[in-house]
Amino acid sequence: MGLSDVVAGWRNEDGIATAIGILKQRFGERLATTEALRQQHAHTTTYIPSQLPDAVVFPENGDEVAEIVRICAAHKVPVIPFGAGTSLEGQVNAPNGGVSIDTIGMNRILQVNAEDLDCVVEPGVTREDLNTYLRDTGLFFPIDPGANASIGGMASTRASGTNAVRYGTMKDNVLSVTAVTANGQEIKTGTRARKSSAGYDLTRLLVGSEGTLGILTSITLRLFGIPAGITAGVCPFATVDDAVNAVIMTIQMGIPVARIELLDALSMRATNAYSGLDYPETPALFVEFHGTEAYAAEQAELFGEIAAEFGGADFIWATEQEVRNKLWKARHDAYWAGLQLRPGAQGISTDVCVPISRLAQCIRETQEDIDRNGLIAPIVGHVGDGNFHVLILIDQTNAQEIENAESFMNRLNARAVEMDGTCTGEHGIGQGKKTALVNEYGGGIEQMRLIKTALDPDNIMNPGKIFSLD
């Protein structure tokens with residue numbers, strides 16, 4: 001990750017002016033060029049500088065998205081899809097200028113097929129709104145990245161979250177999409193069938209492409225039954241190694257844990273202070289089990305036995321929804337809690353993912369790196385699938401602190417790749433990790449470039465993200 005990866009591209013001034021004029025005539029007040037709104041649509045939640053689009057347009061359906069893209073394509077103007085704006089690696093920036101396409105108005109739930117355990121939604125639907133809508137059906141959508149992200153953005157960045165160890169990530173739970181391609185054509189990538197051997201897997205090509213190959217206009221999702229029984233609890237450990245070894249044994253024993261989250265000692269201290277809890281300020285696992293009431297309780301008891309083998313203190317678990325909600329709210333608030341460790345500082349949130357057999361070593365070496373370089377950086381992780389996050393607290397007006405943070409993140413990315421892992425488990429590449437992706441994939445980047453240039457020869461679809469074309 002580095003500011004060197006965030007560069008402004010060539011601007012097609014005449015084309016941008018012409019396209020915006022046409023779009024203004026067509027969409028009227030649903031096209032805006034005010035600086036405040038453009039700033040909002042280039043906002044990033046990290047230190048990457050904002051690069052504003054020239055206009056923001058608000059379509060209400062897939063036909064309008066296709067029309068916008070056709071107008072922009074005719075004048076070679078970049079289009080940048082925008083959902084809830086929660087991306088962490090500059091995915092919504094407009095380095096070449098252009099038009100931001102905000103899908104917030106495309107928020108209809110088009111179908112719920114309860115018998116088939118699937119639904120079809122527009123990209124502006126948020127995960128919380130979807131689950132509220134589904135509640136009376138007895139179904140839920142399990143992908144939970146923490147933020148109330150839009151489904152379109154979650155699919156575009158291949159999001160994950162706390163439930164991934166049991167339910168998978170977005171790539172596992174998107175059955176098909178409709179998307180507008182660079183020539184303004186709306187395509188469908190699949191059906192509601194649970195499997196297919198028909199042709200190339202275009203669905204998984206678009207899921208995770210960060211808007212560089214197409215703009216999603218609807219998404220077909222897998223759903224799951226709301227469990228009859230849920231147990232959740234917290235188990236403290238003396239060291240991160242002990243906690244991770246308990247995770248490995250839990251996974252290897254085949255215990256179907258739904259969530260298993262690690263907070264290091266610094267995160268636990270921050271979480272206690274922020275959320276009004278009184279857990280031991282040592283590394284801890286937050287866990288949850290789903291099933292029948294008896295089955296969920298049985299799994300919790302088995303986990304407690306495993307945790308005890310690795311020095312876990314008393315594992316206290318609960319079935320009451322109020323207690324569980326308080327626990328998981330504290331986990332989701334870990335980002336805000338971490339910011340309180342250095343008042344006035346800003347946070348850079350970064351993530352990597354490694355095989356779980358290398359997880360303890362990777363976290364240990366990362367903590368040693370943090371201590372060696374005098375950083376304040378709490379760690380939390382979706383450790384059931386080897387993914388962890390580091391929140392680096394810095395003064396973003398201090399160039400030396402930014403440089404130190406960048407150097408640390410470069411070492412973190414390299415460490416993960418050396419362990420046969422990846423530079424990002426769920427945040428995506430955007431602008432911030434373009435160099436890290438090259439280091440991870442090597443010659444494979446050229447194949448990605450070939451796909452990009454074949455599908456988007458004028459490079460109008462969210463240019464400057466994932467990799468450079470030159």
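Biologist: What should I know about the model before reading it?

Modeller: It is a predicted model, in which local features need pLDDT of at least 70 and side-chain atom pairs count only at pLDDT 80 or more, while totals for chains, interfaces and linings use all residues. Residues are numbered from 1 along each chain as its sequence is written, and side-chain values use heavy atoms, with hydrogens and water left out.

Biologist: How many salt bridges does the structure hold?

Modeller: A salt bridge is a side-chain nitrogen of Lys or Arg within 4 Å of a carboxyl oxygen of Asp or Glu. The structure holds 25 of them. One of these pairs the side chains of Asp118 and Arg192, at 2.8 Å from N to O.

Biologist: Which parts does the pair of Asp118 and Arg192 tie together?

Modeller: Helices (H or I, at least four residues) and strands (E, at least two) are DSSP runs, numbered from the N terminus. Asp118 lies in strand 6 (residues 118-121) and Arg192 in the loop between strand 9 (186-188) and helix 8 (202-206), so the pair ties together parts that are 74 residues apart in sequence.

Biologist: Is Asp118 buried or exposed?

Modeller: Buried means under 20% relative accessible area, exposed over 50%, and partly exposed in between (1.4 Å probe, protein chains only). Asp118 is buried, at 0%, whereas Arg192 is partly exposed, at 33%.

Biologist: Where do Asp351 and Lys433 lie?

Modeller: Their side chains meet in a salt bridge at 4.0 Å, N to O. Asp351 is in strand 16 (residues 346-353) and Lys433 in the loop between helix 15 (399-418) and helix 16 (434-441), so this pair links distant parts of the chain, 82 residues apart. Asp351 and Lys433 are buried.

Biologist: What do the side chains of Asp369 and Arg415 form?

Modeller: They meet in a salt bridge at 2.9 Å, N to O. The link runs between distant parts of the chain, from Asp369 in helix 14 (residues 356-372) to Arg415 in helix 15, 46 residues apart. Both residues are buried. Elsewhere, salt bridges with shared partners join Arg26, Arg30, Glu60, Glu64 and Glu67 into one network.

Biologist: Which residues gather in a patch of negative charge?

Modeller: Patches are made of residues with over 30% relative accessible area and no salt bridge, with like charges joined within 9 Å and nonpolar side chains (Val, Leu, Ile, Met, Phe, Trp, Tyr) within 5 Å. On the surface, Glu298, Glu301, Glu305 and Glu309 gather in such a negative patch. Glu309 is found in helix 11 (residues 293-309) and is exposed, with a relative accessible area of 61%.

Biologist: What polar contact does the side chain of Thr178 make?

Modeller: A polar contact is a pair of N or O atoms within 3.5 Å; within protein, one must be able to donate a hydrogen and the other to accept it, and residues adjacent in sequence count only if both atoms are side-chain atoms. The Thr178 side chain contacts the side chain of Thr217 at 2.8 Å and that of Ser218 at 2.6 Å. Thr178 lies in strand 8 (residues 174-180) and is buried, at 17% relative accessible area.

Biologist: What is the phi of Asn459?

Modeller: Most residues other than glycine have a negative phi. Asn459 has a positive value, near 55°, and Asn462 has one near 45°. Asn459 is found in the segment after helix 17 (444-455). Asn462 lies in the segment after helix 17 and is buried, with a relative accessible area of 2%.

Conventions: Accessible areas come from the Shrake-Rupley method with a 1.4 Å probe; for residues, only the protein chains shown count as cover. Lys and Arg count as positive and Asp and Glu as negative; His and the chain ends are not counted. The place of a charge is taken as NZ of Lys, CZ of Arg, CG of Asp or CD of Glu.
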